[in-house]
Amino acid sequence: MLSAEIKDKYELVVGLEVHAQLLTQSKMYNSDSTEYGNMPNTNISVITLGHPGTLPKVNKKAVEFAMKMGIACESEINRTNIFARKNYFYPDLPKGYQITQDKGPICKGGKVYITLNGEEKSIAITRIHMEEDAGKSMHLAGEVDTLVDFNRAGVPLIEIVSEPDMRSSEEAYAYLAEIKRLVRYLDICDGNMEEGSLRCDANISVMLKGSDTFGKKVEVKNMNSFRNVARAIEHEFERQIQMIEAGEDIPSETRTFDATTGTTSSMRSKEDLNDYRYFPEPDLSPVLISEEWLQSVRSEMPSLPRELFKRFVNEYGLPDYDAGVLTDSKEIALYFEELCQKTKNYKAASNWMMGPVKSYLNELTLHISDFPISPAQLAELIALIDEGKVNFSVASQKIYPVMIEQNGKTPLQIAEDLNLIQESDEGSIRPIIEQVIAANSAKVEEYRAGKKGLLGMFMGQVMKQSQGKADPKVASKILTELLEN
Amino acid sequence: MEKFLSFDEIKKSLENRETDCKSIVNYYLNNIKTKAHLNAFVEVYEQSALQKAEEIDQKLALGKAGKLAGMVLGIKDVLCLAGHTVNASSKILEGFESQFTSTAVQRLIDQDAIIIGRLNCDEFGMGSSNENTVHGKVLNDLDNTRVPGGSSGGSAVAVQANLCTVSLGTDTGGSVRQPAAFTGLVGTKPTYSRVSRHGLIAYASSFDTIGVFSRNVKDNARVMETIAGPDDFDSTASRKPVPNYSELLHFGKPVKIAYLKETINSSALQPKIKENTLEVLDRLKKEGHEVDEVNFPLLDYVLPTYYILTTAEASSNLSRFDGVKFGYRTPNAHNLESMYKLTRSEGFGEEVKRRIMLGTFVLSASYYDAYFTKAQKVRRLIKNFTEDLLNKYDYIIMPTTPTTAFKFGEHSNDPVAMYLEDLFTVQASVSGVPAISIPNGKDEKGLPIGLQIMANSFKEADLYAFAEYLSASN
């Protein structure tokens with residue numbers, strides 16, 4: 001084991017390459033379906049299979065998705081997009097080359113913001129480019145030959161390459177989480193790392209703290225969850241420090257992560273690397289992005305999580321924690337946004353979202369799109385509380401469950417039906433309180449002797465006697481007044 | 001008796017009810033059998049051609065036939081036709097049947113042209129003699145000891161020997177024009193991107209074009225105007241409208257013609273070809289056209305540029321032939337790597353392997369800038385020079401080839417000598433401009449000489465009109 005003292009001498013340097021499978025209906029260079037989960041080799045055509053004489057054609061939607069990611073990352077959008085061939089032989093690669101972008105990716109530069117321990121940091125993006133996915137080799141039990149499923153071959157991908165800007169596994173985790181959140185907000189990728197729609201390779205090196213030159217980097221592949229990316233980085237950090245401490249050279253190599261042991265092992269050295277012989281794809285004309293096209297894509301951009309977070313904090317006065325939870329998913333954030341158009345009690349709205357709404361969704365593992373109460377209805381319920389007609393616990397425990405059943409009645413109607421409108425009239429609350437005080441004379445003595453904590457007990461009695469209808473504010477005021485006398 | 005030597009003649013015979021499509025097809029089928037030794041056809045679609053002929057005869061009777069009804073056509077073995085084998089003259093595509101039809105061929109079928117068969121060629125269009133083919137060499141009908149040129153040798157001989165009315169070839173560096181010159185035919189390479197490449201088995205994507213062989217300019221123009229134009233399957237195909245070339249053959253005004261000093265003075269040029277070319281230039285001068293000699297200092301760089309870029313593209317285009325999905329797979333492999341290596345070693349011919357190796361080399365990381373990048377720059381220079389010249393002059397004239405048809409085996413052991421055959425044709429390919437080869441007399445042995453005319457991009461109409469004018473006075 002590495003001592004904390006030695007570990008503390010070194011700094012970790014991480015850059016990530018993230019592949020995101022785009023949610024287009026058809027493939028990157030032809031009209032075959034991209035639907036997931038179909039029978040092997042059904043989403044194919046002569047073009048996907050690379051039959052002689054076939055030619056690719058660029059999917060405009062995929063270009064727009066890539067543009068959206070670039071706009072979200074504040075990248076420079078390349079107006080003349082040339083594609084390139086990356087040549088290598090593998091059975092799942094039908095043409096013997098992948099059509100990708102080499103020089104001149106669609107997005108250059110840019111940044112992704114992450115927040116760790118309340119501090120914001122930006123991770124620079126080197127580039128985002130478009131390319132096509134390969135098929136899948138399958139080794140079936142009892143089958144001698146390797147079989148290939150080409151359904152995935154040609155599915156559009158973007159590759160998002162970061163600068164080596166991350167300094168801890170937590171930052172890498174936060175970066176990935178942010179990428180996932182962005183692609184989901186943009187609706188361009190479902191962001192599911194376990195199913196492979198988001199894939200990540202990590203370039204990891206270590207250097208002495210304060211050094212201005214990076215160590216030799218190692219590329220790690222085959223991590224199928226955010227957690228495993230973090231584990232692989234932690235492992236590499238220690239492994240590389242140990243090597244340096246032992247006076248060994250760190251070879252430039254590609255390593256693979258084993259999730260069961262949490263360790264990495266060598267796949268191939270960089271010297272064995274394929275020479276991919278990139279050159280401009282002559283079968284595709286350059287895709288030109290006009291100002292009009294860029295503007296129209298820009299105009300379709302949704303609000304992004306960081307923007308919403310800032311609005312929630314600055315305009316709605318919410319704590320960072322609330323804003324973070326509410327912007328975690330686009331749908332929740334949009335619901336909340338709509339809710340805030342109907343009520344000005346933003347903190348109450350936030351409490352409702354993070355309390356009753358979330359727990360209902362979590363309990364039934366529902367998505368917010370399946371939530372039966374509209375933002376307008378929820379706002380009415382909040383208004384009912386604000387007007388003093390019901391209190392929060394009555395609203396959440398008695399009215400809210402009825403609203404979920406969608407009987408078409410307003411919160412006010414439900415409250416009236418169930419006789420839940422609270423008493424805020426002093427004249428009707430006072431007798432109840434007088435009763436409670438009369439019935440608990442011993443406790444009243446104790447209270448007057450200094451045991452102020454008994455106030456809660458008295459309030460409980462009052463609420464019970466009034467069947468929860470007494471306005472707590474009014475009741476509390478009268479109660480204190482009578483007890484103090 | 002030779003007949004059906006032009007589509008005009010066929011049309012007239014059909015109009016006068018002297019013949020019908022079925023008789024025309026039978027006539028060609030008979031010729032194909034008689035001339036089987038030429039080895040032009042790899043496969044003859046006898047039944048389907050006859051059946052199609054009957055259908056078109058019925059359409060003709062109803063007055064509903066397409067504009068190419070009566071035209072019988074052969075297609076090079078690199079053009080796809082649904083439900084038919086296509087091999088690119090390679091063992092590696094043994095038994096491969098295409099599931100779709102190339103756009104060019106489909107457009108001809110749509111106009112009721114009849115496809116009579118598939119024509120021999122050099123493997124993947126790589127060659128200048130039609131000797132590099134799994135189907136066996138093609139003989140020049142004029143002298144069976146001589147090559148027909150390549151790579152579209154079968155397409156040339158099929159028209160030369162009157163085995164079909166016209167034929168489709170492909171021209172990447174001269175593969176239509178050179179065999180047209182060697183067989184005394186009209187052969188065109190259109191502007192790059194003028195004809196969709198969908199269904200054309202690629203050799204070098206940024207050079208490949210589909211061209212036409214015919215006995216006369218008008219038939220050539222007819223086929224070209226039918227196959228040209230935009231295509232959803234080929235995003236590189238030009239969207240420019242296509243004029244009706246065959247109706248624009250009238251040529252009246254004086255024009256400006258350039259000839260390149262370096263081509264006419266090339267040491268590789270056969271004297272009789274030089275003489276015939278100069279005679280044409282003289283005549284044009286006398287007929288009131290401006291004819292200027294122009295320097296072309298880049299001539300020496302044209303072939304190296306062409307071979308670097310085409311082999312680079314070919315090395316990648318031919319990667320899909322790996323034994324995994326279709327075509328030939330070696331029976332001798334014991335693992336994945338040996339499957340790849342043996343399949344490709346056994347499946348490709350020598351010339352194709354040479355070009356794959358060359359292309360892989362020039363694209364490799366250590367040599368990329370020295371070769372590929374530099375060749376791209378020189379290509380730009382040649383293209384700019386050619387286009388600038390064609391902005392000043394209407395046409396560039398030069399011999400199509402340095403020699404007339406040579407003997408089999410003459411260049412077999414010397415690839416560079418073989419590559420020199422393309423010396424004059426690759427300029428148009430590197431530049432993307434259209435070019436045509438028309439017959440220009442014969443040499444002392446009676447072998448045809450070709451005259452090449454180049455015009456600026458998308459000036460096919462002008463090119464055809466000028467070629468028609470020159471042919472008429474020849």
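Mentor: The discussion below concerns the nonpolar cores and a sheet of this predicted model.

Trainee: What makes the set of 156 residues a nonpolar core?

Mentor: A nonpolar core requires buried residues of nonpolar kinds joined through side-chain atoms within 4.5 Å. The 156 residues form the largest such core, in which B:Ile116, B:Phe124, B:Leu168, B:Ile227, B:Ile453 and B:Phe466 touch the most other members. Helix 10 (residues 299–317) of chain B gives the most to this core, namely 9 residues. Apart from this core lies another, of 71 residues, including A:Leu2 and A:Phe83.

Trainee: Which residues does B:Phe124 touch, not counting residues up to four places away in sequence?

Mentor: Among them are B:Ile92, B:Leu93, B:Ile201, B:Phe321 and B:Phe348.

Trainee: Why are strand 1 and strand 8 of chain B said to stand at the edges?

Mentor: The open sheet has 11 strands in the order 1-3-2-4-6-5-10-11-9-7-8 (chain B), with mixed pairing. Strand 1 (41–44) and strand 8 (290–294) each have a single partner strand, so one side of each lacks a neighbour in the sheet.

Trainee: How do you know that strand 7 and strand 9 of chain B pair?

Mentor: Pairing requires at least two bridges. Strand 7 (residues 256–260) and strand 9 (residues 395–399) of chain B are joined by 3 bridges and run parallel, therefore they meet the criterion for a pair. B:Ile257 has B:Tyr395 as its bridge partner in strand 9 of chain B.

Trainee: What does helix 13 of chain B touch in the sheet?

Mentor: Helix 13 (residues 369–392) of chain B packs on the sheet, touching strand 7, strand 8, strand 9 and strand 11 (448–454) of chain B. The direction of helix 13 makes about 115° with that of strand 9 of chain B.

Note on methods:
Residues are numbered from 1 along each chain as its sequence is written. Chains are lettered from A and ligands numbered from 1 in the order in which they are written. This is a predicted model: local features need pLDDT of at least 70, side-chain atom pairs count only at pLDDT 80 or more; totals for chains, interfaces and linings use all residues. Side-chain values use heavy atoms; hydrogens and water are left out. Buried means under 20% relative accessible area, exposed over 50%, partly exposed in between (1.4 Å probe, protein chains only). Helices (H or I, at least four residues) and strands (E, at least two) are DSSP runs, numbered from the N terminus. Contact means heavy atoms within 4.5 Å. Axes are lines fitted to C-alpha atoms, for helices over the stretch in contact, and angles run from 0 to 180 degrees between N-to-C directions.
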